[in-house]
Amino acid sequence: MNPGHIPPSLPPTHYLDNRIFTDPAIFRAEQENIFAKTWQFVCHESELAKAGDFRCTQVAGKPIVVVRDEAGAVRSFYNVCRHRAAEVVRTESGNARSFTCFYHHWNYGLDGQLRAVAKPEGYEAVGLDKTKLGLVPVRAELVFGFVFVNLDDQAEPLVQFLGDVLEPLRQPLGDAPLEVFHFHKAIVKTNWKLWQDNNSERYHSMLHAINRQTQPWVLGKTSPMRLRLFPHGHSGYWSDGQATVAYERGGYDNITGGTLPGLQDNEMRVVNFFPDLMVNIRSNVVRVDRMIPLDEQSVLIEWRGIGLKGDDEATREVRQRHHNMFWGPAGRNLPEDLLAVESQYRSMKADAVRYSILAREENLNPTDDANLRAYYQEWERLMGRPASAPYGSSASPTAEVTA
Amino acid sequence: MTGALDHDIAAVQRIVLQTAWLLDDEKLADWIALFDADGAYEITSYSPELQRWTPWWSQPLELLRKTVSEVPRHVRDPAKRLHVLSLPMVEVSGDAARSETPFALYRTLPTGESSLYMVGTYHDDLRRFGDGSWRYVRHCARAHTRMLDAFTHLPV
């Protein structure tokens, strides 16, 4: 037997079977049990500034359009024509007075109501009821300008689902109008959970040359940052109001200014929402990672940079410089993170070493793995199987994984 | 006069081509030397999601020099790169020149697989110095490609 297939001598909460990252059946079950049941961030309200502004996306593999209607409300629908299921909206973003399906010209209002069909006389014999054939609505709710949707009509309200993990964001995201100033995306060749893990655990901060310089706590034993755990698998890490990044140690002294409300200069706060969203704040700029898992081995990641609306040119430039220095496609940290999670996936797919270890216990210092363990406890609850032994007593992934 | 203009155009074209060669060979200090002291480097990409151009990298020379000097400290994409450039279209006016150059950037992995990494156009402003040499006041790569196979510590 391959010794790499022997579970580590640790509590089952402290390791994962890597096949939860590589098994297509588990991926399909996640789409049904997690992504179709939990609140999913889709965009920031600044992307829907005017009536008729829309954004297209996917949730749990289903096409979604989010739009601001004439009354100013944000609505969400399946982006599927009720006639023959063509996509009604075919561009990623834009502004529309109504939505007309390109195929047979059925026309929908911004409220989703079917307003007109082409050649209506053809339906007179069957009495087509347009009032029952609007775009199928999807629940949409906002918090701090972040637009979330949920495919599950029975799910608890958004704010209740997120709970107290919102508190560290209340001032920086809630006290002043914000807008998205940067957007980029990539298809990353890894399992989506590995990106969430990377965003959640600080142990890997030593991967980053710039973090080794500017975050002395990365290599030290103590930190002003504390790991914070919340129900539903949400977590974060932040200090109690202390600056936590020593940019001057790296000679990066031109990225301060325009600090967001409630933060110190050079303060960092990171919140990881279950299952797939990260909000990372470095004093004057917010990074938001949103994932659209495509299959078990690839994920479309959208990165947004957010700052205060109405910046003067100089302040916006500082925010952009700070954002791009770490988190742009040509940033200092993001390329390294992508190399790491793609490397992990290649190895996991080969199944040479079957288990990942999440066993660090450090009294909630940021390099503690407690948040990963809490995350996978929630994953287990929704998936109905342990992440350390997803096939039960069977060693084989051929055991059926049901949605 | 025409001969002098042709000479200037050819000189600017050589600078643009040399820029790509230096990046392919990762001779970053030599690449930096092509910039004026007031020069700046940019990569920008149009975001249809936000419906505006978005900077991916925008630094004046002083910051650019620091960033590029720290490239060796990073864990980096191991692929080797190769630029293929069209002939730069150059306009010269006195000691100033403007150039546009379509480019394709290929990436070859250590395993030997090659792929197209980025296409775009360089939009450059250059200035002539007292010694007759041309240097970048602004060297901007406008990327048509919006999704990269790997992110980059290197300029493109």
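So, one definition before we look at anything: a residue is buried if 20 or more other C-beta atoms lie within 10 Å of its own. Keep that in mind, and keep in mind too that this is a predicted model.

Let's start with strand S18 of chain A, residues 298-308. Eight of its 11 residues are buried, so the strand is largely enclosed by the rest of the structure. Who sits beside it? On the one hand there's strand S12, residues 178-188 of chain A, which pairs with S18(A) in the antiparallel sense over 10 bridges. On the other there's strand S17, residues 285-295 of chain A, also antiparallel to S18(A), over nine bridges. S17(A) and S18(A) make a hairpin, with two residues between them.

In what order do the strands come? Going across chain A, it's S12-S18-S17-S16-S15-S14-S13, an open sheet of seven strands with antiparallel pairing. S12 and strand S13, residues 226-229, are the edges of this chain A sheet, and each has a single partner strand, so one side of each is left without a neighbour in the sheet. From one strand to the next, the twist averages 15 degrees.

Let's go to the S13 end. S13(A) pairs with strand S14, residues 235-238 of chain A, antiparallel, over four bridges. One of the pairs to look at there is Arg226(A), whose bridge partner in S14(A) is Trp238(A). These two strands form a hairpin too, with five residues between them, and His232(A) in that turn has a positive phi of about 70 degrees.

Carry on to the next strand and you find four bridges joining S14(A) to S15(A), again antiparallel. Ser235(A) stands opposite Asn272(A) in S15(A).

Is S14(A) covered on one face or on both? On both: Ser235(A) and Tyr237(A) on one side are buried, and so are Gly236(A) and Trp238(A) on the other.

Helix H4, residues 167-174 of chain A, lies across S12, S14, strand S15 (268-273) and strand S16 (277-282) of chain A, and runs at about 115 degrees to S15(A). H5(A) packs on the sheet as well, touching S12, S14, S15, S16, S17 and S18 of chain A, and its direction makes about 160 degrees with that of S17(A).

H5(A) has a helix partner too. The axes of H5, residues 192-200 of chain A, and H8, residues 334-350 of chain A, come within 10 Å and cross at roughly 135 degrees. That angle makes H5(A) oblique to H8(A). As for handedness, the crossing of H5(A) and H8(A) is right-handed. Which residues make the contact? From H5(A), they are Leu194(A), Trp195(A) and Asn198(A), and from H8(A), Asp337(A), Ala340(A), Val341(A), Gln344(A) and Tyr345(A). By class, the residues of this H5(A) and H8(A) contact come out as five nonpolar, two polar and one charged.

A quick stop at Asn211(A), in helix H6, residues 209-214 of chain A. Buried or exposed? Asn211(A) has 22 C-beta neighbours inside 10 Å, so Asn211(A) counts as buried. Leaving aside neighbours within four places in sequence, Asn211(A) is in contact with Ser205(A), Val218(A) and Asn333(A). For that last one, Asn211(A) and Asn333(A) are 122 residues apart in sequence, and their C-alpha atoms are 8.3 Å apart in space.

23 residues of chain B are in contact with 23 residues of chain A. On the chain B side, the elements giving two or more residues are strand S1 (35-47) and strand S2 (52-60) of chain B. S2(B) gives the largest share of that side, with five residues. And by class, the side of chain B that touches chain A has 11 nonpolar, seven polar and five charged residues.

That's my tour. Questions welcome.

Definitions and conventions: Residues numbered from 1 in each chain as written. Chains lettered and ligands numbered in written order. Predicted model: local features only at pLDDT ≥ 70, side-chain atom pairs only at ≥ 80, totals over all residues. Axes fitted to C-alpha atoms, helices over the stretch in contact; angles between N-to-C directions. Parallel < 35°, antiparallel > 145°, perpendicular 65-115°, else oblique. Left-handed = near helix turned anticlockwise from the far one by under 90°. Contact = placed C-beta atoms within 7 Å. Nonpolar A, V, L, I, M, F, W, Y, C, P; charged D, E, K, R; others polar. Buried ≥ 20, exposed ≤ 12 C-beta atoms within 10 Å, placed from the backbone. Pairing = 2+ DSSP bridges.
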